[in-house]
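I opened this entry to look up helix packing and aromatic pairs. My notes follow the model.

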Amino acid sequence: MTSRTTGGAPGPGADAAGQPLAQTGPEGTAGTTGPDGTAEGAGPKRTAGPGGVTLPSARSAVPPAPGTGVPRTGSALSPTTAPGPHAPAPPPPTSPPPPGPNPRSPEPAPPTPGPAPPSGRFLARATLVTASLSVAAALLGLVRDQSLARLFGAGQDTDAFLVAWTVPEFAATLLIEEGLAFALIPAFSAALARRAQGAPGDPVRSLAAGTLPRLALAFTAVGALLALAAPQFVAVLAPGLPVPSLAVDCTRLTATCVLTFGLAGYCSAALRAHRRFLAPAAIYVVHNIGIVTAMYALGGHWGVRSAAFGVAAGGCLMVAIQLPSLVRELRRPSGRAGVKAAAATQPLDVPLLATVLLFALCRQSQVLIERFLASGLPAGAISHLNYAQKVAQLPMTMSLMLCTVTFPVVARALADGDTERARDRVERDLALAACLVLLGTAAVVACAPQLVGLLFQRGAFTAQDTAATAGVMRVYALGLLGQTLTGVLVRACFSAGRATWYPVAAMTAGIIATSWLGAWAVGPWGVEGIAAANAAGITLTAVLLLAGTGRRGVPIRTGPVLRELSRPLRAATVAAVAGAQAAALPSTPLVGLAVGGATVSVVFLLLGRALDAQGCATVLRSVRTLTRRLTHAVLR
């Protein structure tokens with residue numbers, strides 16, 4: 001960027017009139033300033049000649065005198081007079097040539113300029129695409145759960161399938177959403193930065209060549225081992241199941257997800273680092289379509305095994321929808337023509353991969369603890385936990401959509417050395433994500449019975465199941481803020497692409513708290529006690545991450561962040577109480593949900609705005625902008 005002077009001597013990079021000078025470069029093109037403040041593709045300054053023809057300027061076209069940075073005089077293009085008697089004599093023929101490159105010698109191609117930091121408009125569009133497809137996937141997930149409840153109820157068959165469902169749940173967290181993505185997105189961002197800086201060869205292709213074959217082989221081996229050890233897996237995970245053979249069959253089908261989800265996660269991470277968000281956002285849409293189709297097509301013959309087959313087929317669809325986009329990105333020219341040196345194959349950072357996978361494994365082990373504790377309760381307890389968790393986590397999923405888009409932005413900023421930009425982005429993400437998840441939490445707490453009754457109470461899903469699931473959902477919702485903060489902060493910890501064990505330690509502390517509290521609470525309170533232990537454990541993890549991220553990852557300012565988070569938290573508490581009272585007035589679930597949801601939204605946004613919550617202000621601005629655009633589109 002150039003600075004404007006207010007008077008006196010011209011500033012750096014300005015002429016005598018205070019106007020900015022074009023930056024010069026080897027190619028003779030107009031200079032621009034890149035995102036790091038350096039010139040990109042700049043060339044000699046030009047002036048307008050007769051008839052509008054652009055001519056090189058005298059100052060930039062003439063090479064400097066030896067040992068100086070001052071242009072020579074006496075050139076045919078220089079507006080000076082012929083040398084007089086006092087003019088310096090020209091250098092003798094035997095004098096050494098001027099330092100620097102020979103103007104006539106061929107110069108290497110300049111490095112390809114890296115992409116400028118994404119604008120707010122780009123981030124908004126990418127977030128809209130990701131959120132829209134995520135909403136579609138969430139709705140199809142509800143259709144999937146509704147179909148499972150309608151076709152197979154909430155009994156021992158569904159419990160058996162949900163034990164096998166642990167495999168895709170773990171695979172999605174480890175290989176798509178968190179674990180592998182936390183390692184691959186910073187790695188691809190760093191490779192793209194090296195490519196932009198002119199590294200030899202193509203670092204992006206070298207990274208893919210060094211990581212994809214090894215990871216695919218590891219995914220295949222782990223999936224095969226899990227299929228062989230399915231009986232032992234079921235016995236350890238749910239020892240109280242009345243029919244373990246059904247869970248074993250379903251587990252062997254879902255074990256294929258280790259390979260397919262691993263490949264899908266690799267494609268998603270690489271595409272997001274390249275700022276391609278459409279195909280990665282669509283993977284859960286096609287996955288749920290595969291499951292629902294298989295249940296209705298094969299459920300009459302295979303029973304609940306059809307759902308497990310749908311999980312396997314949906315995993316293949318997740319890879320197929322992304323593979324063409326990834327191939328196009330890897331085949332794209334690097335923009336450094338004439339450079340034949342090949343970059344060395346780059347293996348993935350093993351300590352980094354170990355830390356991110358251990359963190360994701362610890363986080364997802366909360367599900368194992370819940371199902372282990374619930375397997376000794378009456379039939380249907382695991383199903384009630386599952387349905388309550390799926391619905392209650394929708395606000396968290398929606399709130400983290402922005403972080404899915406901005407995580408590659410933070411990783412690229414750190415790869416470029418721009419720590420301040422990374423910190424500002426993470427702090428804005430924390431404020432907005434907390435605002436969105438607390439709004440959803442208030443709605444879930446206020447309208448849980450109406451929501452569960454409207455979604456699931458049909459077929460084999462009875463009113464007793466609705467009451468039990470709604471109670472668990474309200475308790476689960478208390479941990480949604482902790483879940484969201486953990487999701488944002490762990491991305492900040494791993495965005496630099498370096499191994500750090502602090503997130504693993506924080507998550508381990510949360511898991512220990514969940515285990516101890518769950519074992520103590522399951523006796524007197526049943527499934528509600530398990531849900532409360534989950535909420536307490538993840539909240540402890542979020543507190544530890546908030547306290548330690550500034551010293552180990554992006555240097556966020558903990559005090560201002562805490563003050564900002566307190567504002568929407570107070571607004572959500574009041575909105576939940578008001579919404580619960582309003583939702584209980586109508587007699588039908590649909591009307592109660594509409595009245596309660598509207599009450600929660602109005603109270604939360606008004607209080608948040610009055611408390612000057614940054615996230616609420618952003619939401620209100622977005623609503624006003626969308627309203628104006630819709631009004632303009634309708635009335636024009």
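**Helix packing**

I started with helix H4 (residues 166–177) and helix H9 (residues 257–273), which pack at an angle of about 30° with their axes 8 Å apart. Axes are lines fitted to C-alpha atoms over the stretch in contact, with angles from 0 to 180 degrees between N-to-C directions. Helices are DSSP runs (H or I, at least four residues), numbered from the N terminus.

I note that this is a predicted model, in which local features need pLDDT of at least 70 and side-chain atom pairs pLDDT 80 or more, while totals for chains, interfaces and linings use all residues. Residues are numbered from 1 along each chain as its sequence is written, and side-chain values use heavy atoms, without hydrogens and water.

Next I listed the contact (heavy atoms within 4.5 Å). On the H4 side I found Val-167, Pro-168, Ala-171, Ala-172, Leu-175 and Ile-176. Their partners in H9 include Phe-261, Tyr-266 and Arg-272. The residues of this H4–H9 contact divide into eleven nonpolar, two polar and one charged. Here Ala, Val, Leu, Ile, Met, Phe, Trp, Tyr, Cys and Pro count as nonpolar, Asp, Glu, Lys and Arg as charged, and the others, Gly among them, as polar.

I then turned to helix H13 (residues 350–374) and helix H20 (residues 502–525). They pack at about 5°, axes 9 Å apart. H13 and H20 are therefore roughly parallel to each other. The contact includes Phe-359 and Arg-363 of H13 and Met-507 and Ile-511 of H20. I get eleven nonpolar, seven polar and one charged residue for the contact of H13 with H20.

**Aromatic pairs**

How many aromatic pairs does the structure hold? I find eight. Rings of Phe, Tyr and Trp (its six-membered ring) pair if their centres lie within 6.5 Å; planes under 30 degrees apart are stacked, over 60 edge-to-face, the rest tilted. Phe-161 and Trp-165 have ring centres 5.8 Å apart and planes at 40°, so the pair is tilted. Both Phe-161 and Trp-165 are buried (under 20% relative accessible area; exposed is over 50%, partly exposed in between, with a 1.4 Å probe and protein chains only).

Phe-182 and Phe-494 also have centres 5.8 Å apart, but planes at 25°, so this pair is stacked. Phe-182 lies in helix H5 (residues 179–196) and Phe-494 in helix H19 (residues 480–494), so the pair ties together parts 312 residues apart in sequence. Phe-182 is buried at 0% relative accessibility. Phe-494 is buried too, with a relative accessible area of 0%. I logged one aromatic cluster of Phe-182, Phe-359, Phe-407 and Phe-494.

Key. Helix = DSSP H or I, 4+ residues; strand = E, 2+ residues; numbered from the N terminus. Parallel < 35°, antiparallel > 145°, perpendicular 65-115°, else oblique.
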